[in-house]
Every structure is written in structure tokens, then in C-alpha cells.
Amino acid sequence: MAAEALARLAEERVDHRFKGLPPDAAGRTVAELTAERRNLFSDGFATPVLALSAERLEHNLRLMETYAERHGLAFAPHGKTSMAPQLFQRQVEHGAWGITLAVPHQVWVAREFGIRRVFLANELVDAAALRRLAPELAADPDFRFVCYVDSVRGVQLMDAALKGAARPVDVVVELAAGEGARTGVRTEAECAAVADAVAAAAALRLVGVAGYEGEVPGATPERVHDWLRRLVALAVGFDKAGRFADTDEIVVSAGGSAWFDAVADVFGEIPGLSRPVLKLLRSGAYVSHDDGHYRKLTPFNRVPEEGALEPAFRLWAQVVSRPSAEQAFLNAGKRDAAYDLDLPFAQVVRRDDVERPAAGIEVSALSDQHAWLRTAPEADLEVGDWVGLGLSHPCTSFDKWPLIPVAEAGGTVVDYIRTFF
């Protein structure tokens, strides 16, 4: 099923939906265009165009695979980062237990492309979505689905929507990261009440506990470790109380992209429980990494001996205006570049097939379709030059590009990644 669905992506025809591709590629299938192995810089690609580095993408996939193995963690990378089934498949091939997702639409995308294990890191109380989920579970005994619960009311809504379902939906109690944090149960007593509600719901099965340490208020290594130990203690307490009697495996899950080293530390301390424990890490931004937010926050800065992720995105735009010595404008803006956490970073300039550092060039603002550049006296920049921009925040980089070229270091495009947002 997965292979057939991915093959259908390759047969999709290039047309007006896909920006940045060579105009003469229109009408070709993605497979035909891939086979041509065009060069990103000399074979007709139009600016702006976002590209992924083939080498860095593979490096990041391998690095997190070995990291999870080294620390005895199962890995369900968060798919909302890319919403790219081809990358989901590569993550599974690199040892991922399954894929984490955030909303029902993302689950349907993953299922369409053969993902067999889904961890929904969110509450699910939408009756229509639950009614669609139930027959999927009934029809496919190999489909594993787990989602959060954080209220008695939510449990009751789920149970009502799933009445008569052939298979129960597996749920984990979400422990909030603290007062004022995002979703999740605030106290251990409330967690027990939610767990009791699950036990009384015929359509649900309690299989573990989970949460997101990235929401710990005023996060420091000490505070994050303390909260993760609360999460583990909750699992231990539930197990002692016999709350996991109906499952063969206890799920304990956490792990964004900023504190997975703390997750590895604390999950390594989980004591023996009555059933095997699935220690599930969910970091997602690693797949492309970035040149800003996650470059600063990645745990590999704290544990460099474990390796280093590499930023795999580069947005190429062209200088379209140079009105003064202090200013220039590119033909890429908010419609093309992530800007919710940081502005893009000018990294390199290409002219006449020669690439050099973007010395004295800074992105100062973005309009919808323009990047504003502040240029120092040393900036060598002319109308027509290509400027390579580094980006911050993978999640809001992928979502602007429905088809993304994957290019080798010399510019040869070897694949195209289809996204579904």
C-alpha cells in the first residue's frame, strides 16, 4: 500500500501548483523530471525556490536513528514538521516506531501512505473524526493508534462518539508541563480521575502517560528533568494501582526538539514495571533542522559528543532591485520563507556560477513577496544575483512549498518532496 501510494506521487504531473520549478517542466511527471537530474542553478529553476540538501537530510535521518538506538528509545518523529509522506517513509526506514501527528487530517494523510503506527500528540474529541477512526481500526489489525486525554469530559465525549466500535482507542493521560502551560492535566489527583473515566469507558483503553517538556515554564535543565520525573512517577503510580491491566505494553512518551537529551536521561531511569515500557521520543524538527531557532536550542549543543544536526534547507531568491548602496530587495517574502521565529539569514551569493559568502548582507524585513536587505559597504551585490537564505523553524518552512527539490552539493536535483498541509 505504501509503495503504491508513493509511486502515485511520482506520477503526479508538474503544473501551476508547484512554484520554483522550471517552466518547461510543465506536463512532465515528477518521476520524469527527477530522471532528468537537472541542476538547480543552471537548468531553468525559477526563483524563489526552496531546496533541501540531499546529503544533510540523510545525515540527520541517520543521526537521530543512532541516537534513539543508543539511548534505548523508540522514536516517533513528529510528522507535522514536514507533512511529507516520502520523509515519513524514510524515517520509518531509519528505525522510527511510527509517526507522531497533531490533528486528524494529518492522520488521514499518514494512513493514505501506509503509516501503520500513529501517535496523536493531542486530545481528540471531534465526533466526526472519531467515527472515521473507528472503522480504520476495525479494518486493519496492524494499525496502532494512540492519542492524549486530559479531562473527564473529553473521555466521555470520545466514548459516546465511539459507541459500538469494534476496537477500543488507546489513550495516554497527558500531564501538563506546569501551571499556565498548554494542554494536559495539572495535578496527579486529576490524572487519576481521568484514568478512572477511561476505565469506565468501553470504547477506550488506557495504555500510558505522556506530555511535552517543551512547555515547562522557564525551562532549565533542572526544571525539565524534574517534570520528566513527575511523568515517570505518574506511570509508576498508575502501574502499581493496576491501571494498565488491559494493555501488553506501557507507553511513556515525551520529547520535542529542544530537550530530547533530558528525555533520554530520565527515561533511562524508568524502573521495571509490570509490562514492557515503550519509551517513545517524538522530536520532529531534526529532519531538516534549521539555521536559527533549533540551531540554537538543539540538545546536541549540550552533548556535542553525540553528534550534530545539519541545516538542510536553503531558500534561493534573486536580487530584483538595488535602489541604494545600503539597500536591496529579493523576490522572496512571507509567502516563501518562515518568519514566525526569526527572519531568514543571508548566507551565500551566486553570480556567474560562482558562490561566495554573503558578506555585509542582512535580511532586515519581509513583505509578502519581497525580502528587504540591508547592505554594508563591503557587500558585493547586483541585480540578478542569486542569494541563498538560511531559514528558522522547519515547520513553517515546509508548509509554504508543495513540491521541494532535493539537491546534491553540486546542485543536481535527485528527488522532489511532496507535502500535504
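Glu-12, once its neighbours within four places in sequence are left aside, is in contact with Arg-17, Phe-18, Arg-28, Thr-29, Val-30 and Arg-418. This residue belongs to a predicted model, and Glu-12 is placed in the loop between α1 and α2.

- Glu-12 has a relative accessible area of 17%, and because buried means under 20%, Glu-12 counts as buried.
- The side chain of Glu-12 also makes a polar contact, at 2.9 Å, with the side chain of Arg-418, which is one of the residues listed above as being in contact with Glu-12.
- Pro-23 is likewise found in the loop between α1, which covers residues 2–10, and α2, which covers residues 30–35.
- The relative accessibility of Pro-23 is 64%, and because exposed means over 50%, Pro-23 counts as exposed.
- Although Pro-23 and Phe-45 are 22 residues apart along the chain, their C-alpha atoms are separated by 7.6 Å.

**How α1 packs against α4**

- Two packed helices are described by the angle between their axes together with the distance between those axes.
- For α1 and helix α4, the latter made of residues 85–93, the angle is about 140° and the axes lie 10 Å apart.
- With that angle, α1 is oblique to α4, because an angle has to be over 145 degrees to count as roughly antiparallel.
- The crossing in which α1 passes α4 is left-handed.
- On the α1 side the residues that meet the other helix are Ala-2, Leu-6 and Leu-9, while on the α4 side they are Pro-85, Gln-86 and Gln-89.
- Sorted by kind, the residues of this contact between α1 and α4 comprise four nonpolar and two polar ones, with no charged residue.

**Ser-253 in strand β8**

- Ser-253 sits in strand β8, which runs over residues 250–254.
- Is Ser-253 buried or exposed? Its relative accessibility is 0%, so Ser-253 counts as buried.
- A polar atom of the side chain of Ser-253 lies 3.0 Å from the backbone oxygen of Leu-280.
- Leaving aside neighbours within four places in sequence, Ser-253 is in contact with Phe-119, Val-209, Ala-210, Gly-211, Leu-231, Phe-267, Leu-280 and Arg-282.

Note on methods. Residues are numbered from 1 along each chain as its sequence is written. This is a predicted model: local features need pLDDT of at least 70, side-chain atom pairs count only at pLDDT 80 or more; totals for chains, interfaces and linings use all residues. Side-chain values use heavy atoms; hydrogens and water are left out. Helices (H or I, at least four residues) and strands (E, at least two) are DSSP runs, numbered from the N terminus. Buried means under 20% relative accessible area, exposed over 50%, partly exposed in between (1.4 Å probe, protein chains only). A polar contact is a pair of N or O atoms within 3.5 Å; within protein, one must be able to donate a hydrogen and the other to accept it, and residues adjacent in sequence count only if both atoms are side-chain atoms. Contact means heavy atoms within 4.5 Å. Axes are lines fitted to C-alpha atoms, for helices over the stretch in contact, and angles run from 0 to 180 degrees between N-to-C directions. Angles under 35 degrees count as roughly parallel, over 145 as roughly antiparallel, 65 to 115 as roughly perpendicular and the rest as oblique. A crossing is left-handed if the near helix is turned anticlockwise from the far one by less than a right angle, and right-handed if clockwise. Ala, Val, Leu, Ile, Met, Phe, Trp, Tyr, Cys and Pro count as nonpolar, Asp, Glu, Lys and Arg as charged, and the others, Gly among them, as polar.
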